[in-house]
Amino acid sequence: MRLISVAFLLLFVSCKKDVPEEVLVSEVLSNGTVVLCEGLFQQNNSTLSWINKEDASVSNTLFETKVGRQLGDTGNDIKRYGNKVYVVVNISSTIEVLDASSFQSIKQISMQSGGVAKQPRNIEFYNGNAYVTCYDGYVDVIDTASLTITARIPVGLNPEDLTVSLNKLYVSNSGGLNTPSMDSTVSVIDLTTNTEIERITVGLNPGRCITDSEGDVYVVTRGDYGAIPSRMVRINTITDVVVDHFGFDVTGITKMNNKFLISYYDFSTTQSSIGLFDPVSDVLENSSYLDVTGYTTLYGVAFNPHTNTIFVSDAMAFTNSGYVYEYTTSGAQIANYHVGLNPSKFLFYE
Amino acid sequence: MIKFAYIAFFLCCFNVSGQIDTVQNISEVYVSTLELILIEKTHNLILERDDIIELQPTDIGDLLRKVPGANLRSYGGLGGLKTVSMRSLGANHSSIVVDGVPLNNSQTGQVNLGQLMVDNVEKLTSSVGLNSNMLLPVSAQISGSNFVIQTMENSFARDTLTIRANLGGGSFGQMRGYAGVKYNPNKYFVSVFGSAQKAQGNYKYSVANGLEQINGTRRNNKYQDYNFGISTGVKFKKGQWRFGYRHKTIEQELPGSVIFYNETADELLETSSDRLFTDFKFRIKKLYTHSFLNAAIDHQRYFDPTYLNAAGEIDNQFNNRNVNGGISFIYYRDKWNLFGGIEETVSNLEVNDLSFAEPTRFHSFGMIGGRLNHDLVTISAQLSGQYLFEENNNGNVPRTISRLNPFLSIKSREWGQRSQLELWYRNSFRVPTFNELYYNNIGNINLLPEDAHQLNAGFLWTPSFRKFKLDWKSNIFFNQVKNKIVAVPTKNLFIWSMQNIGKTNTFGAEIQFEAKFEVNEIWKFVLNTNYTYQKTIDITDPDSPTYLHQVAYIPEHTANADITFQYHQTGIRISNYFVSHRYVLNENIESNEIAGFFLTDLSVFHTFNLGTNQNLKLIGNIKNIFNSSYAYIRSYVMPGVNYSISLSYAFN
């Protein structure tokens, strides 16, 4: 008996792991980057990483350290509005509202309706309101002062992304949970009345939406991951008509000053590219603006206006901890950071 | 290297004790008029009815965690998905044989062990390497490992009447009952049984969330099932014939994983299964044969009433039909024997979703083998062939598979106090399941079979003293799995698909030790322990961040230690189970770690003798007495301390 107990004890001891030293994050966040790492479905392992610009150190437990609990399952979006940061957590079905400088929790908004998780996806702000796409077919309106949901606007199937132009909200209805019969429309919402006024057909499986300096809305139609390729269209927001179909490969669009970074990840060949697009002339100026050929899985792209640098993430086949690479606008890679699982979005601090 | 030191430690400390086994005293060959079993002690674990009653497992899966080399994956709850993978090969490399008939499920691969009843199990044998019974169905003899179950209702008995009954209840609204009766006059038997159980499944759990501890109650976890069956058999001079029917209906709620801040769960799963089977044993002089025929239909309905698609729900219904039959033989001579057989399985799948494939699979097996008994060694060799092709009324089909696989074993003669050495090599594979090939976006019809190579060296020592029996079995093994079939996110985070991407090496060791000590008629002591070490590493791609990392969900260490004390008719059994930490993904980093756990179950039992050949056993059972918070799979929390009480009646 004693021998067995000793043996078991030894097993336990042998299984203890050294805990890596935690990088300290200052009380008030500044001069750095928050990276949203989505984690994986059903693993409760979505995290926020903090990249400290000064010494290039990385903390991969920013949320847990500051808030004392975990972010939850599959974080999908992070944005700042005023003095608050909003993190949209898709599978946990919450919106975490944090103080932008101290990163202390202000409120956790539970996104459930009649016992069913709404599955929020992305957030956008306009005139003191936050607008959140929810996979149950609504855009929720949240008053950013009271942090309560003031309205639910019905849209199409599984709304994904959203963007504001000319007092209207453009929402891409992906229909992603209705595969293979996905949606192909963009809902247009009048932000004065908070009602849908138009539904524009743009192409199969609409995703990323973005507004350019002239007020035009660009939408990525992701196709069926097979015969129908992933493309981009342009909507004239005065007439609400699709006026351009672009022929190049695209899965993501990122704003960089007055230009767009056009990212593309081909899952069948695992090839990636980042090009430069001018939304004024509507011309792809450079199809390989940044060299991302060595990437395993090109994922998030963002432009940091404070440092004038570009942050790009590699999701490492979605199952390994990811990397973030920093580039100058002339395309030189100047830094890399090892972050959490599936880094996708960035929030930059001066 | 430090880890190997612990194994050495185990070897040392146990060598000083002595020991014996349940099959110990049976000679090398067990021959009756119809049965011929070559006893292979080197790597079998046998659990019998008494063990099962004392352990109070909820199902077969719960029981199989006792097997050395077994890695249980349980999603929790009664009836929840449970699979067992032996020696890191993956669950689909093991086959399950019940009363001489293999159980197949071409839709999912391994049958859900959480849904196989244990109440009527008389004996469970687990083996890797050389089989004891050359009359097992061919598919089971050539698979990576097998579990053989014998039930009360489908076996001939010495007594005219056999009765078994169990009644029990416990925490989370668990209630179960079972009764089986067998009438067995001289030449034939008839039997009938029925069982039912239900549970609320609303167990409390506790999980860490950062600095906080979340206490919750499992929701949407109700379960109920019932089983019934009839069997009959006839014995004649040179043979025996058996025939039976089994039915099973299960209704269960699926609690899903514990998602932080989101407790919504409302999915349902309904399962029903009907099975007709027959087998026939026949002997002509030195030629023993066993043939079987089995027809099964498994129906499954998965219902998610709040899925966010256009219909607002998912209601998938699957019908998986399997018909299989085969014949095995052994021609037995003292100096040599010849064995072999053939088997054919035809299965199909029908789904109410018209976009799903409608596949039909034809899978043929053939095997021939021989054994030579020399003065010093016994050499066994086996060559198996398989041919598989598929039709699909609704789309493309995967490629046809045809393979030859060898098996070779060299075993020394026993020496000294019954010591023995064995060396064996097995090459086997498992085919992709219908789900892996066709399931909506996930399926991939280009999948290749998953190949496995196993190399094993074993040593056993089974001395017997007057009051003391010892049984020491130890193995070291090296396994390699190629073209591992794994689900990975491909198109994006949410769209996963099945791929042949992995190649893994396993370096492992198993030690199984059993000691029985009968002090006198009144005092008895039994110790059963086993320990398994498995270093299973990813060797797919040297440039990958997971190269040489321990593969996801495979613990390096697993151990069991059961201690039974018996005084007169009263006994106590303490059952300990340990699993070391695992990683939820192949990358061995802290954030992927899931903690190891140590479980202790305690059983107290008392047997009331109700006259000749009749007894009633009362069992009180406490599971997880230290209330440890644990999970086999991340976010699928398991219950804390829980109780059950049951009565078990046996006549003959």
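I start with a definition: two strands pair if DSSP finds at least two bridges between them. Strands themselves (E, at least two residues) and helices (H or I, at least four) are DSSP runs, numbered from the N terminus.

The model I am reading is predicted: local features need pLDDT of at least 70, side-chain atom pairs count only at pLDDT 80 or more, and totals for chains, interfaces and linings use all residues. Residues are numbered from 1 along each chain as its sequence is written, and chains are lettered from A and ligands numbered from 1 in the order in which they are written.

**Entry 1**

I looked up β27(B) with its partners. Strand β27 (residues 496–518) of chain B and strand β28 (residues 523–538) of chain B pair in the antiparallel sense over 15 bridges. A hairpin of 4 residues links β27(B) to β28(B). Phe507(B) has Lys535(B) opposite it in β28(B).
I then checked strand β26 (residues 468–489) of chain B, which is joined to β27(B) by 20 bridges and runs antiparallel to it. Here Ser474(B) has Ile511(B) of β27(B) as its bridge partner. I noted a general point: strands of a sheet pair through backbone hydrogen bonds, either parallel or antiparallel.

**Entry 2. A covered strand**

I use "buried" for a residue with 20 or more other C-beta atoms within 10 Å of its own, "exposed" for 12 or fewer, and "partly exposed" in between, with C-beta atoms placed from the backbone. In strand β9 (residues 145–151) of chain B, 6 of the 7 residues are buried. I found that β9(B) runs parallel to strand β6 (residues 94–98) of chain B, with 5 bridges between them. Val97(B) has Val148(B) in β9(B) as its bridge partner. With strand β8 (residues 121–128) of chain B, β9(B) pairs in the antiparallel sense over 7 bridges. There I see Val121(B) opposite Thr151(B).

**Entry 3. Ser646(B)**

I picked one residue in strand β35 (residues 642–651) of chain B, Ser646(B). Is Ser646(B) buried or exposed? Ser646(B) counts as buried because it has 21 C-beta neighbours inside 10 Å.
Two residues are in contact if their C-beta atoms, placed from the backbone, lie within 7 Å. Leaving aside neighbours within four places in sequence, the contacts of Ser646(B) include Gln56(B), Asn166(B) and Ile619(B). I also looked at Lys617(B), which is 29 residues from Ser646(B) along the chain; their C-alpha atoms are separated by 8.2 Å.

**Entry 4. Chain A as a whole**

I counted 2 helices and 30 strands in chain A. The radius of gyration is taken over C-alpha atoms, and the globule rule is 2.2 Å times the number of residues to the power 0.38. Chain A has a radius of gyration of 21 Å, close to the 20 Å that the rule gives for 350 residues, so chain A is as compact as a globular protein of that length. Buried residues make up 50% of the 350 residues in chain A.
A nonpolar core is a set of buried Ala, Val, Leu, Ile, Met, Phe, Trp, Tyr and Cys residues joined through C-beta atoms within 7 Å. The largest such core has 84 residues, and Val35(A), Val87(A) and Tyr170(A) are among those with the most contacts inside it. A second, separate core of 68 residues includes Ile52(B) and Met134(B).

**Entry 5. A sheet in chain A**

I traced an open sheet of 4 strands in chain A, in the order β4-β5-β6-β7 with antiparallel pairing. Why do β4 (75–81) and β7 of chain A each lack a neighbour on one side? Both stand at the edges with a single partner strand, so one side of each is left without a neighbour in the sheet. β4(A) pairs with strand β5 (residues 84–89) of chain A over 6 bridges, in the antiparallel sense. Arg80(A) has Val85(A) in β5(A) as its bridge partner.

**Entry 6. Where the chains meet**

How many residues of chain A are in contact with chain B? I find 52 residues of chain A in contact with 50 residues of chain B. Of the side of chain A that touches chain B, the largest share, 8 residues, comes from α1(A).
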